[in-house]
Amino acid sequence: MGALVLGIEPAMAVSPSSTVVSADSGVSLAPEEKLAKAKEDLTKALDLSLKKVDGLKSRLNELNFPESSREEELKNEALRNLDAYTGYYNEAKEDLEKKGSLEEVKDLAKDVKEHRDTTYTPGVEEIVRFVLVFYNEDVLGTANDRLGKIETDVKKLDKLGVIKEDDFRGKLDEAGKLLQEAADLQGKAKEIILNATSTDLVKEKKPSAKNMIEDSLNNVKTVYDIFLELNQVVKKSLGL
């Protein structure tokens with residue numbers, strides 16, 4: 001789970017500098033074809049980053065917090081940073097259109113890569129952590145609700161004499177323990193993210209907020225595996 005659950009990947013899938021190198025290595029291409037290819041590839045890399053930024057903006061705008069809260073403050077800061085990334089990449093696209101030589105495109109690609117490595121990727125990773133901690137909060141709420149319903153159903157079927165609650169108690173208790181551990185990890189990660197500065201997050205020690213969120217989500221995944229197992233046992237008991 002983690003970032004992939006959100007459809008978020010912090011870095012570009014294609015390195016802007018590698019796209020230009022690829023175009024330059026095509027010895028069979030004429031100079032103008034190399035230039036066109038390099039500009040096309042760099043444009044694709046820039047467009048991909050813009051798409052990722054738009055996706056993160058959508059995720060952030062789905063989060064609603066109390067006015068003037070720390071959460072709202074961090075959300076607005078993240079949105080401002082994403083606007084800055086959008087501005088940078090749009091300006092880079094406009095600048096790219098004006099380039100008339102392969103060397104100029106190479107230089108621009110190097111600048112874009114440096115921006116990605118020093119500004120864009122660290123900033124996006126910080127925003128992803130922020131989004132994930134609240135996504136995880138919702139996931140935990142849903143999983144706890146599901147556990148409660150399953151326990152209620154098991155008790156009802158026990159009273160009907162269809163199954164024995166004791167046969168399910170071990171797995172139900174295991175799921176409850178895993179969800180409690182997941183909630184503890186999520187709470188610690190949230191506290192770190194809400195109270196830390198950007199520098200703190202970069203230098204944070206293991207286990208980091210990211211590690212805690214990932215471990216919490218992995219616990220939830222294990223719980224859903226238990227739910228599936230219990231569901232199959234109940235169906236077998238009912239002859240379904």
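Predicted model: local features only at pLDDT ≥ 70, side-chain atom pairs only at ≥ 80, totals over all residues.
Residues are numbered from 1 along each chain as its sequence is written, and side-chain values rest on heavy atoms, with hydrogens and water left out.

The protein contains seven helices and zero strands, where helices (H or I, at least four residues) and strands (E, at least two) are DSSP runs numbered from the N terminus. Read from the N terminus, the order of elements is α-α-α-α-α-α-α. Of its 240 residues, 40% are buried; buried means under 20% relative accessible area, exposed over 50%, and partly exposed in between, with a 1.4 Å probe and protein chains only. The accessible surface amounts to about 13,500 Å², with 49% belonging to carbon and sulfur atoms, as computed by the Shrake-Rupley method with a 1.4 Å probe. Among contacts (heavy atoms within 4.5 Å) with a separation of 6 or more, 79% join residues 24 or more positions apart.

Confidence is expressed as pLDDT, the predictor's confidence in each residue, from 0 to 100. Its mean over the protein is 87, and 85% of the residues reach 70 or more. Of the elements, H3 has the highest mean pLDDT (96), and helix H6 (residues 198–203) the lowest (53). Over residues 1–14 pLDDT stays under 50, and the model has 35 contacts beyond four places in sequence for this stretch.

Now to a helix pair. Helix H3 (residues 70–98) packs with helix H5 (residues 165–195) at an angle of about 65 degrees, their axes lying 10 Å apart. Axes here are lines fitted to C-alpha atoms, for helices over the stretch in contact, and angles run from 0 to 180 degrees between N-to-C directions. On the H3 side the contact is made by Arg70, Glu71 and Leu74, and on the H5 side by Lys190, Ile193 and Leu194.

Alanine 109 is found in helix H4 (residues 102–159) and counts as buried because its relative accessibility is 1%. Its C-alpha atom is separated by 9.7 Å from that of alanine 45, 64 residues apart along the chain. Serine 68 is found in the loop between helix H2 (31–61) and H3, and it counts as exposed because its relative accessibility is 70%. Phi of serine 68 is near 70 degrees, a positive value in a residue other than glycine.
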